[in-house]
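Here are my notes on this model, in numbered points.

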Amino acid sequence: MIPRGTPDIGWLDLLAGLGYGLLPDTRSRAQAVVEGRWSPHRDTLACLSVRSGFDLLLHVLALPVGTEVLVSAITIPDMIQLLVHHGLVPIPVDLDPDTLAVDPTKIHQLVSPRTKAILVAHLFGSRMPLDQLIEVAQQHSLLVIEDCAQAYDASSYRGHAQSDISMFSFGPIKMQTALGAALLRVRDRSLLARLRQRQAGYPRQSRLMFMQRVARFMVLKLLARPWLFALLIALCRLRGIDHDALLNQATRGFSGTDLIGRLRQQPCAPLLRLLDRRLRYADPRRIRHRAQVLSSMVRQHPPLKHPGAGARQHTQWVIPVESRDPDRLVHLLQAHGFDATRKASRLVVVPPPQQRPRVTTPHAERMVRQLVYLPVAPAMSHAAIARVRQIILDFEHRYTDAAGTMAAAPPDAAIDRAEQATLPGDARSPRR
């Protein structure tokens, strides 16, 4: 079974992470070093996660209850939960499915006297252009918060120069992961000082919990070997366990019910040292190569329906495609030995508030409803990548009528037999 991915961290980095847990605690120095490495302008704050930094920002800003915040229509639910926790009202702004960019003209339509900020999220490894959006935001005196959690590319990009806050994540499933931590670039020095002072009062992340996370990801990295991954899935099926849910739980940065309490911690010294190591040895060429290989896979003719295909800058952090029957496509790909999933990301559509009934997000709703995440990576053979692509093309063509809608499909087993009959001989039995 070809797994959906492997943690983007090497064995030496994981061993270093364990080693850092045994060193003396010099957290202040570790934080100063990693913040200075990220930016020499003393405009950066290291946090436990992007969500931790966002909660910290909202706490310090103390915007009046009922303040509206425009939000990219697709984001993770915790970001919405944090806005609501602080008494704010998220207003979704629909996206262009081809570029995953927010349309600046929609901001004019949605802004109200209660609107004070806009939170824009770069999705799936793409990076939207922000010049026009920031120009519009400045016309309305909106604070611009740039969520770059999915857009790190090991380049010199630290957020748009005119963004008020730019947040980068190095969480467990991210590119160049440090298994946690975030770096926030804050343009207003007085705001940065208040954020730093507030975070200094938080308790420190447990060293033991960090080392346990490192050990857990050592296991996950080992299980990413195809034959071990196939064994894991077989054992899960034998015991009636949903392997999809199990893997998502194992890779989550935060679990449990007390989200706010878990977010409000300072990153421990070992985590900061590991983050500094990951930044020190970051290789943008590897990420560019990944983007080139996977962009070719989804864009060659005929192209797959890939959200963000038109984005000028893209790391292909994950490879989502849209399908008219995503659940059935996932089942088919898994039957052929490719661990596709609909749950690789926790992204949701931001619901419009009841007091703004005219706010609609048709593009975002359709996109999330149809997403399938593909288990492809540059390390896979060209033949395996081609197999994934052909299975998708055949599936979408076979069960789509002339009008472009899904025709009545036979049972899953019949789909599998039909697809097997049309695949080349060497594509019928993927290496397990």
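1. Two strands are called paired here if DSSP finds at least two bridges between them. Helices (H or I, at least four residues) and strands (E, at least two) are DSSP runs, numbered from the N terminus.

2. Before going further, a word on provenance. This is a predicted model, in which local features need pLDDT of at least 70 and side-chain atom pairs count only at pLDDT 80 or more, while totals for chains, interfaces and linings use all residues. Residues are numbered from 1 along each chain as its sequence is written, and side-chain values use heavy atoms, with hydrogens and water left out.

3. Which strands make up the open sheet, and in what order? There are 7, running β1-β9-β8-β7-β5-β2-β4, with mixed pairing. β1 (44–47) and β4 (89–93) sit at the edges with a single partner strand each, so one side of each has no neighbour in the sheet. From one strand to the next, the twist averages 20 degrees.

4. Helix α3 (residues 50–61) packs on this sheet and touches β1, β5 (115–121), β7 (143–147), β8 (165–169) and β9. Contact means heavy atoms within 4.5 Å. The direction of α3 makes about 155 degrees with that of β8; axes are lines fitted to C-alpha atoms, for helices over the stretch in contact, and angles run from 0 to 180 degrees between N-to-C directions.

5. Back to β9, which also pairs with β8 in the antiparallel sense, over 5 bridges. Ser169 has Ala182 in β9 as its bridge partner. Is β9 covered or exposed? Mostly covered: 5 of its 5 residues are buried, where buried means under 20% relative accessible area, exposed over 50%, and partly exposed in between (1.4 Å probe, protein chains only). In a regular strand the side chains alternate between the two faces of the sheet. In β9, Ala182, Leu184 and Val186 point one way, Leu183 and Arg185 point the other way, and all are buried.

6. Arg127 deserves a look. It lies in strand β6 (residues 126–127) and counts as buried because its relative accessibility is 12%. Its side chain makes a polar contact of 3.4 Å with that of Asp153. Such a contact is a pair of N or O atoms within 3.5 Å; within protein, one must be able to donate a hydrogen and the other to accept it, and residues adjacent in sequence count only if both atoms are side-chain atoms. Beyond its neighbours within four places in sequence, Arg127 is in contact with His122, Asp153, Tyr157 and Gln313.

7. Not counting residues up to four places away in sequence, Arg42 touches Arg189 and Leu192.

8. Now some backbone details to check. His301 and Pro302 are joined by a cis peptide bond, with omega about -10 degrees; Pro302 is in the loop between α13 (284–299) and β10 (313–314). Leu100, not a glycine, has a positive phi of about 60 degrees. Leu100 sits in the loop between β4 and α5 (104–110) and is buried, with a relative accessible area of 1%. Gln316, also not a glycine, has a positive phi of about 55 degrees. Gln316 is in the loop between β10 and β11 (320–322) and is buried at 0%.

9. Helix α4 (residues 77–85) has Asp78, Met79, Ile80, Leu82 and Leu83 buried. Just after α4, Gly87 takes a positive phi of about 80 degrees.

10. Finally, the whole protein. Its secondary structure comes to 17 helices and 13 strands. The radius of gyration is 22 Å, close to the 22 Å from the globule rule for 432 residues, so the protein is as compact as a globular protein of that length. That radius is taken over C-alpha atoms, and the rule is 2.2 Å times the number of residues to the power 0.38. Of the 432 residues, 56% count as buried.
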